[in-house]
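This briefing covers a metal site and a set of charged side-chain contacts. The sequence and the structure come first, and the notes follow by topic.

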Amino acid sequence: MTGSKIVDARVIVSCPARNFVTLKITTADGLYGIGDGTLNGRELSVASYLQDHVVPCLMGRDSERIEDTWQFLYRGAYWRRGPVTMSAIAAVDVALWDLKAKRAGMPLYQLLGGRSREGALVYAHANGHSIEDLLASVAKHLELGYKAIRVQAAVPGVPDAYGVPHGTKPYEPADSDLPREETWSTQRYLRFVPQLMDAVRARFGFDLMLLHDAHHRLTPIEAAALGKSLEPYSLFWLEDATPAENQDAFRLIRQHTTTPLAVGEVFNSIFDCKQLITEQLIDYIRTSVTHAGGITHLRRIAALAEIYGVRTGSHGATDLSPVCMGAALHFDVSVPNFGIQEHMPHAALTDEVFPHAYTFVGGVMDPGEAPGHGVDIDEKLAAKHPYKRAYLPVCRLEDGTLHNW
Ligand code: KDG
Ligand code: MG
């Protein structure tokens, strides 16, 4: 093990256009691997978890022992699961997979069993302040080559619909120094979404794969009604119809609609989706490399999902760094039950700080052939962009209630 012994592990917190937590692990022979531990709005908690509690345990360990290190960090801590813990474990896990693949001189997907497909189908975000605005955004994304598009538009009479940009700025949900409070009307939303889908299908037809995100804002029966009302528009999926702490809720939604269901961007372990998968209550599981314990744990979730005909559709918003995107694409091209990958392009400055081998062509992304996961970090440039506190918004119903779903 001499060469593969871990001799350094550094946590790099930076804000090139948005906050990211990156872990860089170096071995005795001078190789290094990189992992993402970004948890939107709670970045410093993961940084501390890594710095104060994980890094000391990594020194002197054999970087080749990925599975044992995962088990050591997960079971050994006594306190299992949770987004902070699992994002920290993911940062280590992805850095170790990166190192192993670099040491083997192979792109990571080769270590995961090789390609199951030539590229990963991705979906883009089209947003609008109105239906017309949204249609223009869909047209723009079709021109860019996307075959699958998520559509969200401002709901008339609702001042701040989540998933829609403020003013002319690119969409970024964590946009304020303290949480901004938004007001939400489920009734207006439920009336509006079928009109929105109708306009999209009327303009662009049915070849386009169409997705929509309800952002956990509905009760089970409201979600069932939405799924039913969207059936004529043949969605690729309806995402996060309800929060899924209560996995039973999806049984009710499922009984009422054939609209395909996706959920899981906030899940961090296989136990969050075990019932959803084994009872075939969903069609796509959205767990990501970073928030669900790295490649090692995401492979377990995908393997369980495969048996039950559930496909993967990993979260890929900009708060997951290019390191996560790189690792996700290696996972996507290798896993047999891949469905789709979310693609929200990063800002130019983010891409500069994280040079990467992955590419987008014709609606599909490719992880590239560089050894490892193919994503690096320019630490000098990252250091010029220090952390800035930023929160996701908080949503209230019109009567002021915060937790009615
Ligand atoms: O951190 C939260 C964002 O990643 C989330 O709001 C984006 O819902 C989202 C999505 O589907 O990308
Ligand atoms: Mg979402």
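Along the sequence, the donor residues of the magnesium ion (ligand 2) follow the spacing D-x25-E-x25-E. The model is predicted. In it, the donors to this ion are Asp213 (OD), Glu239 (OE) and Glu265 (OE), at 2.0 to 2.1 Å. The structure also holds 25 salt bridges, and some of these are described below.

**Magnesium site**

**Salt bridge at the metal donor Glu265**

- Besides coordinating the magnesium ion (ligand 2), Glu265 forms a salt bridge through its side chain with Arg286, at 2.9 Å from N to O.
- This pair links distant parts of the chain, 21 residues apart: Glu265 is in the loop between β9 (261–263) and α9, while Arg286 is in the loop between β10 and α10 (294–307).
- Arg286 counts as buried because its relative accessibility is 0%.
- For Glu265 the relative accessible area is 15%, which also places this residue in the buried class.

**Salt bridge between Asp283 and Arg254**

- The side chains of Asp283 and Arg254 meet in a salt bridge with an N to O distance of 2.7 Å.
- Asp283 lies in the loop between α9 (274–278) and β10 (284–285) and Arg254 lies in helix α8 (residues 249–256), so the contact ties together parts that are 29 residues apart in sequence.
- Asp283 is partly exposed, at a relative accessible area of 22%.
- Arg254 is likewise partly exposed, at 24% relative accessibility.

**Salt bridge between Arg180 and Asp175**

- Arg180 and Asp175 are joined by a side-chain salt bridge of 3.0 Å, N to O.
- Arg180 has 22% relative accessibility and so counts as partly exposed.
- Asp175, at 30% relative accessibility, is partly exposed as well.

**Salt-bridge network**

- Which residues are linked in a network of salt bridges? The members are Asp8, Arg10, Lys24 and Glu379.

Key. Residues are numbered from 1 along each chain as its sequence is written. Chains are lettered from A and ligands numbered from 1 in the order in which they are written. This is a predicted model: local features need pLDDT of at least 70, side-chain atom pairs count only at pLDDT 80 or more; totals for chains, interfaces and linings use all residues. Side-chain values use heavy atoms; hydrogens and water are left out. A salt bridge is a side-chain nitrogen of Lys or Arg within 4 Å of a carboxyl oxygen of Asp or Glu. Buried means under 20% relative accessible area, exposed over 50%, partly exposed in between (1.4 Å probe, protein chains only). Helices (H or I, at least four residues) and strands (E, at least two) are DSSP runs, numbered from the N terminus. Donors are N, O and S atoms within 2.8 Å of the metal (3.2 Å for Na, K and Ca); water is not among the atoms, so sites may look incomplete.
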